[in-house]
Each structure stands twice: as structure tokens, then as C-alpha cells.
Amino acid sequence: MLSEQTIQTIKSTVPVLEVHGTAITKRFYELLFTGHPELLNLFNHANQKKGRQQAALANAVYAAAAHIDQLETILPVVKQIAHKHRSLGVKAEHYPIVGETLLRAIKEVLGDAATDEIIAAWADAYGVIANVFIQTENEMYLQAEERVGGWKGFRRFIVERKVKESDTITSLYLVPEDQQGIADFEPGQYISVKLMIPGQSYTHIRQYSLSDMPGQPHYRISVKREEAAEGKPEGIVSNYLHREVTVGDVLEVSAPAGDFILRKEEKPAVLISGGVGLTPLVSMLKTLAAKEPERSVTFIHAARSGRFHALKEEVADIAKSHPNIRSYVCYSSPTDLDRKEGAFDKAGYLDLEWLQQRVSGPNASFYFCGPIPFMKAVYRALKDWGVDDAEIHFEFFGPADSLAEQANEAGEAVVRG
């Protein structure tokens, strides 16, 4: 337990962290990778370059400081991060390294303002917080290993099939090399894929949502090829999976993880996806169709056009054969062929007025996933409609962000496909 003096000292640093948090975490990662380059094997290098990892850590440190006297209030965030840590292979022995480096970064960035009292208080607080993570992650490691078909660490899977789903998205069907059973999962969860790419100094790990329903003899991931854009290089891993990985190749995979999961209830479900964000939602849709056919489901997908719309026939077939499932498509830039075929329900961006015409009311469970601007706009639309926070569920690709704090930055309540 932390002393009252330590708690008050930590809380007094909240205004400073609000101003200097990102600078501290940026310096933290510089120090961490300089002193322990082997840890680069655990991190998404692209998120480091974009500054997303630094911002996510700054938010986590800020939240921990602000709620240091009520750590139970941030347990949902702890569990979300712990799922990612377990999937990546973060271990208890990494935490002392992180703690020492974080304290050093705080001292370097704040200078004389980081008094001995503040550093000592943060050392105590970090020890408490780290223990919460370690205990939570140890439980997750045991669960992943001991469940039927489960395993420890990474397991070798063979690419059984590779299917092009759209101009930019390809599905890979993965089966275990040892031909033993595989662990079941909750629709919405993801796996980590670890690759040693020729010419790269460190391994790359990426987390991909499972796009098929549980209970299959395979795992399916549907990967978007990240193309180069102004100020942004092409995705190393996604392009490697698209261009170089072929049927018969072996990938190392961690057991399914994640807390963005479908809840079992009678309330209508509304699934809203943008781009490749449809992958966990298709898993949910297929599960609902198979396991809860009486439940009312609305599936809405936004994409640029039919050329970029993955798994569309799969979703359409489900909707046609299940009277309680309705499916709608929004194309922000439909092609002439899309118009000729009547392949979409709305041209342009998804907005609240159109959403209200397709969904019976705000008394439903809403699940959504997609690019961050898309998710900010969906979140804002749902809040404007009066949807309760308890019924809003979403998943980020990459470091967690705060939709609640940033939704107002999304501008007009439109959703980009």
C-alpha cells in the first residue's frame, strides 16, 4: 500500500505530466532502446516512428497518476494493456528495466523540478502498478497455456490458404504445424504474428483480429496492405505478408487475446466497421448468425468503394439467409460499376441522421472498429444520439487512444470509409 504522503506527491505531479508527459515518454523509449535494444523485438517500430506508442504511454502514466488513490478505476485499462502484453510476450523481468528507465526519463525531462521526494514517490507507485500488471498478466499466461488447445509463447502455424479479398486486403488461413487442436477464442479477439523479415535487424510482431468465427480448424486473419503515402513509408509486415508469404510457409503465432469481445445478451447488436476494421466484426456477425439467430443485428460497413470492400459476399450471404440480420454499405467514393450494380446503400459518409434511419433506436449494444478518424466520428455520433457509455464498445489497431477526449476533434460528424 502507498502512504498518504506518496499519494499526494504523485497527484501533485498530474499538471506537470499533462504538459510534459509525451516528452517524458519519448525520452523513455530513447533510453530504453539504447540500453536494451533486444526489447525492440517486442515493439511495433512503425508506431514508435509515428509517436503513437509515446502518446499512449503518456496517457497511461497520466491516468495512473490521476487515479493513484483509486487504482481500481483504471483496471479495465490495465486488463486491455495486459492482453496486448501477454500476446506480445512481455514478462515480469521486463518491468524493473522499464521502471528504472521511466524514472530516469522523468528526471532528465523535468530537471530540478523532479525532486528526490517526487522520484522516490514515483518509484513506490511504479512498484505497486507494476505488480498489478505482473499479476494480471501471469494469470493470462496460465489461462492461455492451460485452456484446451492452448499453448505458451509462440506456436508455429502453416499458411494453409491465401485469399485476396479486395485490392488491399488478403486473408490468410493458418493451421498448426503440429496438427494438434487450437484454442477457441471470443469473437473480436486477435492473435500476434511474429516474423523475422530478411534484411531486418529485429523481429516484427503485429496483432491481427481473427476474422472468422470460433470453432474452426484454422485461424483466419485478413490483412490490409499498408501502402506508402506522403510522409509515411509502406508497412513492412503487411507488405511482407502480401508479397512474400505463400501457402506452406510457417508463421509464429501467439494464443488469442483481447477484451473487445461480443457480449451474450438479448439486446440488439449494431456492428459498425470502416475499412479493414470489419475483421473482428465479421467474426462477431458470423457467431451471432450461428449461435444467436434470434437476436436482432445490424451490420454497417464503410469503405472507399467496392474495390476496397473485403468479405462483402460473405456478409451479404449471411444477411440474406438470416431474417434478423440487416446489412448496409456506405461507399465514400463509389465507382461507376458500384453504381451500376447497386452495390451500396449510401454514397458519401455515414452520418447520424442516416444511422438513425437504419437502427431502431439507441437502446442497443454498439460495436465499432476502423481507422481512428472513423472511430472518433462514430463515437461522437453515438454520444450525440444519447447512447450510454456502457453500450459503446470499440477496438483500436495499435496503441490505445482516448475517443472520449478526442471525439470533438473529429470535426463534422461524418465517417470516412
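# Values and cut-offs, in conversation

Visitor: Why does Arg 206 count as buried?

Guide: Arg 206 has a relative accessibility of 13%. Buried means under 20% relative accessible area, exposed means over 50%, and partly exposed lies in between, with a 1.4 Å probe and protein chains only. The 13% of Arg 206 falls under that 20% limit, so the residue counts as buried. A word on the ground rules: this is a predicted model, where local features need pLDDT of at least 70 and side-chain atom pairs count only at pLDDT 80 or more, while totals for chains, interfaces and linings use all residues. Residues are numbered from 1 along each chain as its sequence is written, and side-chain values use heavy atoms, leaving out hydrogens and water.

Visitor: Where is Arg 206 found, and which record lists it?

Guide: Arg 206 is in strand β4. Strands here are DSSP runs of E with at least two residues, helices are runs of H or I with at least four, and both are numbered from the N terminus. UniProt, in an unreviewed entry, lists Arg 206 under "binding site", together with Tyr 190, Gln 207, Tyr 208, Ser 209, Phe 396, Phe 397, Gly 398 and Pro 399. UniProt positions follow the numbering used here, feature names are shortened, and annotations may be inferred rather than shown by experiment.

Visitor: What makes β1 and β6 a pair?

Guide: Two strands pair if DSSP finds at least two bridges between them. Strand β1 (residues 154-164) and strand β6 (residues 250-254) are joined by 5 bridges and run antiparallel. In β6, Leu 251 is the bridge partner of Phe 157. Phe 157 also belongs to a cluster of ring pairs with Trp 151, Phe 185 and Tyr 219.

Visitor: Why is the pair of Tyr 95 and Phe 133 called stacked?

Guide: The structure holds 13 aromatic pairs. Rings of Phe, Tyr and Trp (its six-membered ring) pair if their centres lie within 6.5 Å; planes under 30 degrees apart count as stacked, over 60 as edge-to-face and the rest as tilted. For Tyr 95 and Phe 133 the centres are 6.3 Å apart and the planes stand at 25 degrees, so the pair is stacked. Tyr 95 lies in helix α6 (residues 94-110) and Phe 133 in helix α7 (residues 116-146), so the pair ties together parts that are 38 residues apart in sequence. Tyr 95 and Phe 133 are both buried.

Visitor: Which charged end sits over the ring of Phe 308?

Guide: That of Arg 304, at 3.8 Å from the ring centre. A charge sits over a ring if NZ of Lys or CZ of Arg is within 6 Å of the ring centre and within 35 degrees of the ring normal. Lys 91 lies over the face of Tyr 141 too, 5.8 Å from the ring centre.

Visitor: Is Gln 179 buried or exposed?

Guide: Gln 179 has a relative accessible area of 71%, so it is exposed. Gln 179 sits in the loop between β2 (169-176) and β3 (190-195), and its phi is near 60 degrees, a positive value in a residue other than glycine. Leu 311 also has phi near 60 degrees. Leu 311 lies in the loop between β8 (297-303) and α10, and its relative accessibility is 3%, so Leu 311 counts as buried.

Visitor: Why does Thr 279 count as buried?

Guide: Thr 279 has a relative accessible area of 2%, so it is buried. Thr 279 lies in helix α9. UniProt's unreviewed entry also lists Thr 279 for "binding site", with Gly 275, Val 276, Gly 277, Leu 278 and Pro 280. Val 276 is in the loop between β7 (269-274) and α9 (278-291), and its 16% makes it buried as well.

Visitor: What radius of gyration would a compact globule of 417 residues have?

Guide: Near 22 Å, and the protein chain has 22 Å, which agrees. The radius is taken over C-alpha atoms, and the globule rule is 2.2 Å times the number of residues to the power 0.38. Buried residues make up 52% of the 417 residues.
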